Amino acid sequence: MDYTIVAVVIFVVALLVVGGAFLIRPRRPQPPQEQPRTEESAQRGATGTAVAEPEETTEPAGATAVEEPPVVPPPAPEIEIPPPSAGRLVRLRARLARSQNVFGQGLLGLLSSDRLDDDTWDEIEDTLITADVGVTSAAQIVSSLRTKVKVQGTRTPEELRALLREELLAQINPELDRAVRTGPHGDRPAVIMVVGVNGTGKTTTSGKLARVLVGDGRSVVLGAADTFRAAAADQLETWGSRVGAPVVRKDEGADPASVAFDAVARGVEDQADVVIIDTAGRLHTKTGLMDELGKVKRVVEKKSQVDEVLLVLDATTGQNGLRQARVFAEVVNITGIVLTKLDGTAKGGIIIQVQRELGVPVKLVGLGEGPDDLAPFDPEGFVDAILGSDGTGNGA
Ligand SMILES: Nc1nc2c(ncn2[C@@H]2O[C@H](COP(=O)(O)OP(=O)(O)OP(=O)(O)O)[C@@H](O)[C@H]2O)c(=O)[nH]1
């Protein structure tokens with residue numbers, strides 16, 4: 001009898017052991033060795049198009065909980081090393097030559113006419129005015145050219161080209177200091193405010209300028225003080241992340257001055273060389289603009305001096321752009337002009353007019369939508385590109 005009970009107990013225990021072992025077996029055999037996870041396979045797992053077996057589970061056997069797809073951290077953005085700024089205008093020269101072809105070659109064609117009579121000189125003046133050189137400068141160029149051609153008896157195309165080059169250069173004024181001031185002051189960064197009407201390329205210029213400076217070996221912090229449009233801050237963040245420049249931003253509608261202040265504070269903390277502040281430049285009312293930009297500047301100056309106020313102007317907007325420039329010049333002390341979209345207009349003469357009107361040098365020019373299409377402005381490179389000459393007498 002006892003043996004029977006013992007046998008039954010042994011049988012029941014055996015059944016339980018076998019049954020338990022069956023229950024805790026994984027439902028599907030694990031592959032002998034897990035392949036290393038590639039980015040692609042990880043993403044496929046995340047989007048659910050491939051069945052991903054969890055590598056390890058701490059859940060009890062047989063649990064029916066829905067398996068969460070593995071959280072794949074986004075790949076760290078690759079930090080780019082932009083090329084240094086030196087010689088950029090030369091690199092972008094073909095683009096400049098193309099857009100200014102009508103202007104430069106038109107002038108050279110007229111100057112090389114068989115008869116340089118009053119009508120031809122009038123046409124030359126008109127060509128200059130059409131290219132936005134401005135009435136005063138156009139008259140000065142023509143008057144000076146006329147005198148020199150008469151006195152020197154200049155006739156060959158090379159000589160005429162040299163004379164025109166000289167006159168255009170004199171109007172652009174190669175003597176102006178065009179350096180963007182980016183030297184830090186002791187433990188404080190240099191501060192650059194970027195101002196201008198929306199759509200002129202302000203945010204793009206801030207991002208491209210960060211690249212120029214990083215390419216030249218400077219460390220940069222960007223401040224997204226254009227809080228009017230959230231997309232502007234996103235845009236700036238994309239630019240910053242590409243070159244490893246932190247971006248200080250706040251919610252849409254936040255006080256631009258507080259963003260600017262925090263950006264400079266971050267620059268001081270990080271011991272950055274330069275802080276670039278992209279401002280909101282809605283041209284609502286002059287008083288509104290003055291209040292906004294004035295406040296940003298005042299607040300920034302509690303932390304560090306403002307070294308540059310760069311006004312961004314769209315070269316394709318001609319006289320309208322000039323009107324905007326005048327308003328900005330009245331409300332804030334502009335130290336330099338950035339002329340964007342010069343690749344999209346034959347009116348490169350605006351460089352002459354805007355400098356004459358504002359008494360401020362063009363320091364940078366935008367020659368395309370590419371990340372490295374912002375170049376320090378070089379008067380000789382510019383004139384040589386538009387006249388199709390490299391300055392050594394060779395055509396472009
Ligand atoms: N072709 C060309 N396009 C440019 C240049 N600079 C800027 N752009 C383009 O101009 C457009 C407007 O540039 P944004 O930087 O968004 O202009 P914004 O002034 O900051 O305008 P908001 O962001 O609305 O304040 C974008 O499509 C730029 O790519 C340039 O030099 N050449």
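**Close-up views of a sheet and its helices**

**View 1. Helix H8 passes helix H15 in a right-handed crossing.** A crossing is right-handed if the near helix is turned clockwise from the far one by less than a right angle, and left-handed if anticlockwise. The model is predicted: local features need pLDDT of at least 70 and side-chain atom pairs count only at pLDDT 80 or more, while totals for chains, interfaces and linings use all residues. Residues are numbered from 1 along each chain as its sequence is written. Helices (H or I, at least four residues) and strands (E, at least two) are DSSP runs, numbered from the N terminus. H8 (residues 157-172) and H15 (residues 379-387) pack at an angle of about 140 degrees, their axes 10 Å apart. Axes are lines fitted to C-alpha atoms, for helices over the stretch in contact, and angles run from 0 to 180 degrees between N-to-C directions. H8 and H15 are therefore oblique to each other; angles under 35 degrees count as roughly parallel, over 145 as roughly antiparallel, 65 to 115 as roughly perpendicular and the rest as oblique. H8 contributes Arg 161, Leu 164, Arg 165, Leu 168, Leu 169 and Ile 172 to the contact, and H15 contributes Pro 379, Glu 380, Val 383 and Leu 387. Residues are in contact if their C-beta atoms, placed from the backbone, lie within 7 Å. This contact of H8 with H15 has 7 nonpolar, no polar and 3 charged residues. Ala, Val, Leu, Ile, Met, Phe, Trp, Tyr, Cys and Pro count as nonpolar, Asp, Glu, Lys and Arg as charged, and the others, Gly among them, as polar.

**View 2. Helices H13 and H14 are packed together at an angle of about 25 degrees.** The axes of H13 (residues 318-331) and H14 (residues 350-358) are 11 Å apart. The two helices are therefore roughly parallel to each other, and H13 passes H14 in a right-handed crossing. Gly 318, Leu 322, Ala 325, Arg 326 and Ala 329 of H13 meet Ile 350, Gln 353, Val 354, Glu 357 and Leu 358 of H14. These residues divide into 6 nonpolar, 2 polar and 2 charged. The buried residues of H14 include Ile 351 and Ile 352; a residue is buried if 20 or more other C-beta atoms, placed from the backbone, lie within 10 Å of its own. Just after H14, Gly 359 has a positive phi of about 65 degrees.

**View 3. An open sheet of 8 strands has mixed pairing.** The strand order is E3-E2-E4-E1-E5-E6-E7-E8, where two strands pair if DSSP finds at least two bridges between them. E3 (247-248) and E8 (374-376) stand at the edges with a single partner strand each, so one side of each is left without a neighbour in the sheet. E7 (residues 362-366) and E8 run antiparallel and are joined by 3 bridges, with Val 365 opposite Ala 375.

**View 4. Strand E4 has both faces covered.** Of the 6 residues in E4 (residues 274-279), 6 are buried. Val 274, Ile 276 and Asp 278 lie on one side, with Val 275, Ile 277 and Thr 279 on the other. E4 runs parallel to E1 (residues 190-195), to which 5 bridges join it, and Met 193 has Ile 277 as its bridge partner. E2 (residues 220-225) is also parallel to E4, through 6 bridges, and Val 220 stands opposite Val 274.

Technical notes. Contact = placed C-beta atoms within 7 Å. Buried ≥ 20, exposed ≤ 12 C-beta atoms within 10 Å, placed from the backbone.
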